[in-house]
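Q: I have a model open and want to go through it with you. Can we start with the charges?

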Amino acid sequence: MSPTNLATALVAPFEHLRMTDVESVGGKNASLGEMISQLSRSGVRVPGGFATTAFAFRQFLAHQGLAAKISDKLATLNTEDVRALADAGAQIRHWIEATPFPADLEAAIRSEFTKLTADNEGASFAVRSSATAEDMPDASFAGQQETFLNVVGIDDVLAKMKEVFASLYNDRAISYRVHKGYAHHDVALSAGVQRMVRSDLGAAGVMFTMDTESGFKEVVFITSSYGLGETVVQGAVNPDEFYVHKPSLRNGKSAIIRRNIGSKLIKMEFATPAEKAATGKLVKTVDTATEQRNRFSLTDADVAELAGYALTIEQHYGRAMDIEWGKDGADGKLYILQARPETVKSQAADKVEQRFKLKSTGVVLAEGRAIGQKIGTGPVRIVHSLADMDQVQPGDVLVTDMTDPNWEPVMKRAAAIVTNRGGRTCHAAIIARELGVPAVVGCGDATDTLKDGALVTVACSEGDTGYVYDGLLETEVSDVERGELPYCPVKIMMNVGNPQLAFDFCQMPNSGVGLARLEFIINNNIGVHPKAILDYPNIDLDLKKAVESVARGHASPRAFYVDKLVEGIATIAAAFWPKPVIVRLSDFKSNEYRKLIGGSRYEPEEENPMLGFRGASRYISEAFGEAFAMECEALRRVRADMGLTNVEIMVPFVRTLAQADRVVGMLAERGLKRASAGGKDGLKIIMMCEVPSNAILADQFLEYFDGMSIGSNDLTQLTLGLDRDSGMELLAKDFDERDPAVKAMISRAIAACRAHGKYVGICGQGPSDHPDFADWLAQEGIASISLNPDTVVETWKRLAKR
């Protein structure tokens with residue numbers, strides 16, 4: 001039981017509050033009390049403070065007839081009329097700020113504040129709002145009311161509490177209550193007064209105990225920037241991002257599976273007393289030093305500690321949580337500032353999900369962080385301030401520098417939202433998710449590069465990065481099927497290239513990943529030829545600048561290359577954990593390597609790269625040996641340091657038995673020894689069966705490998721003597737995986753693997769394109785078929801009927 005009788009109390013210290021007190025002090029303040037009283041023993045640090053009660057708020061509104069005036073003002077208001085809404089809100093807020101506190105309420109606040117500052121009269125405080133209907137299971141009131149930082153002294157605290165009370169009638173808050181069906185008089189406001197964490201000298205941000213875009217539950221997603229966290233929450237900066245894998249963290253392993261460095265151009269700090277006196281502002285924004293912009297704002301140890309707090313909080317509350325945190329630059333410690341239920345993705349479980357896919361692409365006009373996974377189209381409407389909000393018509397693409405919660409009424413009209421600034425945990429992102437509107441935030445210069453009235457397509461369907469394309473592009477929309485499917489005698493796995501889509505794909509029915517392509521990670525997440533990385537700094541000036549630019553935030557260019565490989569592999573492995581994830585070593589051809597930054601300096605020009613310097617031939621060459629070592633180091637770290645032992649390794653294009661012997665030996669020398677040969681953690685090394693010699697000598701090749709994955713594309717071209725890259729229409733009709741000669745090769749490989757009790761699967765395009773081919777493979781006894789994600793469910797259901 002709470003030591004304070006909240007039915008009649010005017011104020012209560014946080015430590016007297018529990019989650020059962022939401023009706024009295026709102027969700028935010030009740031949650032602070034819950035964490036202080038229940039989680040401090042688990043090591044979760046929460047700054048102390050006190051809260052006014054709903055009883056106090058209603059006493060205040062009854063004082064001098066405020067409640068009746070407000071009720072009359074709102075009774076006939078049409079919240080769709082944005083001008084009328086703005087006028088009514090401004091009038092009500094003025095009434096509240098002009099009304100004095102009742103004497104007993106002011107006395108109670110002064111008394112509690114005196115106790116709080118007994119050991120430090122000059123302490124700084126945050127004054128925050130907490131609505132009694134805030135963050136209910138079907139709604140999020142986050143960010144609707146005011147927060148004031150660096151408030152010093154009781155007189156300023158009283159003034160800011162009045163402004164917090166008034167903010168219950170912000171335009172968005174009024175509109176939101178109407179939209180969600182809450183009666184205005186049923187919602188009260190509690191003002192929380194909380195000791196400030198000196199994150200103005202450190203860093204701050206937001207974390208979610210799930211992936212905000214896909215709803216994947218096995219990660220903690222953390223955003224961070226220097227200074228006070230308001231810049232992250234408001235979307236004023238593009239913050240750093242971190243993903244932490246929960247099972248790895250619980251197992252005591254290195255658990256950070258992905259990092260993205262943000263630009264962090266500005267930071268918010270305390271205003272000095274002189275600056276307060278001159279401007280009336282409690283905080284100020286300053287430019288972040290270049291050195292800070294170019295490194296992460298948290299150490300790996302900080303990230304792991306925060307994620308540990310997130311797990312403790314999530315376990316206590318029994319649901320996904322949205323948490324604000326701060327790192328005190330004075331004492332170096334991490335603190336939790338507030339925690340509330342996540343209210344968007346966690347409520348989508350019973351709804352029919354849709355997957356959006358572009359049928360073509362075009363010229364990219366702007367790009368940033370993708371919010372949601374939808375696609376929106378329409379004319380650009382550039383809005384520089386709320387004064388211009390009448391310009392936005394239903395179906396427009398709203399383009400602006402940044403938004404705040406008061407923009408919600410106009411955001412509802414938009415087909416999509418594009419901002420210059422902001423990250424995936426800012427208010428604009430949260431509101432966009434809640435409204436189901438695709439948004440691309442943190443574009444940098446969208447208001448300059450996009451032209452008012454121009455028709456564009458805003459796509460958030462391609463992973464972490466959202467794109468604004470020129471023109472109206474055709475979109476394909478399909479329903480997403482999740483959950484259990486009928487028993488299938490063949491394991492249906494997935495081909496996954498883009499790690500950024502793994503959290504979404506893993507929620508579809510699957511038996512793991514039959515093909516994860518390293519070359520996608522190298523091409524999209526690294527972009528630089530590995531030899532340029534290894535030769536740094538002894539490379540020409542332009543290439544040196546390019547390498548330094550992409551490696552920003554990492555210990556060295558080589559560390560960047562390995563780190564990005566680790567992150568890409570680990571993201572896919574974590575998404576599908578503990579199911580097997582077969583990672584194919586890089587299989588770029590020389591012409592593809594030439595397209596990477598610096599590639600033309602290192603790659604030969606071959607007449608037929610498809611049959612040239614690729615696969616095992618490349619790994620065992622002296623020229624590529626150190627580059628191959630970086631791939632091995634990344635795979636070893638994922639398995640050994642992160643504990644993602646579901647990763648298996650696949651070697652492509654092994655032409656001869658001698659190559660098989662050499663490459664398996666090189667893997668072992670680099671800490672990747674097969675379990676069947678005495679290695680650790682059950683490592684399996686599989687080969688691609690894509691050269692006719694692999695099928696002809698399958699029994700001998702299987703002495704070096706733990707199984708085969710049939711690459712039907714290469715096996716078809718090499719068996720039939722066709723160049724699948726030639727583009728000649730005269731030859732295209734002859735390229736068919738179902739040709740008897742190709743099927744004879746595949747049948748031979750399947751039989752050999754079964755005879756040796758080893759894995760055999762297929763990861764080529766054939767089963768996706770030809771259902772009858774998939775049926776034949778099942779009849780031959782193949783163990784798994786790895787498909788493109790969009791054909792998994794259909795193939796699964798058909799084979800389950802056999």
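Q: How many positive and negative side chains does the protein chain have, and how far apart are the centres of the two sets?
A: This is a predicted model. The protein chain carries 88 positive and 105 negative side chains, with the centres of the two sets 3 Å apart.

Q: What about secondary structure: how many helices and strands?
A: There are 32 helices and 30 strands in the protein chain.

Q: And the overall dimensions, what does the C-alpha trace span along its principal axes?
A: About 95 × 55 × 50 Å.

Q: Which radius of gyration goes with a compact globule here, and what does the chain have?
A: For 802 residues a compact globule would be near 28 Å; the protein chain has 29 Å, so the two agree.

Q: What share of the residues is buried?
A: Buried residues account for 58% of the 802.

Q: Buried or exposed?
A: Leu 10 counts as buried because its relative accessibility is 13%, and the cut-off for buried is under 20%.

Q: Which residues does Leu 10 touch, leaving out those up to four places away in sequence?
A: Ala 51, Thr 52, Thr 53, Phe 55, Ala 56, Asp 104, Leu 105 and Ala 108.

How values were computed:
Residues numbered from 1 in each chain as written. Predicted model: local features only at pLDDT ≥ 70, side-chain atom pairs only at ≥ 80, totals over all residues. Heavy atoms only, no water. Helix = DSSP H or I, 4+ residues; strand = E, 2+ residues; numbered from the N terminus. Rg over C-alpha atoms; globule rule 2.2 N^0.38 Å. Buried < 20%, exposed > 50% of the residue type's maximum accessible area, 1.4 Å probe, protein only. Lys, Arg positive; Asp, Glu negative; His and termini not counted. Charge placed at Lys NZ, Arg CZ, Asp CG, Glu CD. Contact = heavy atoms within 4.5 Å.
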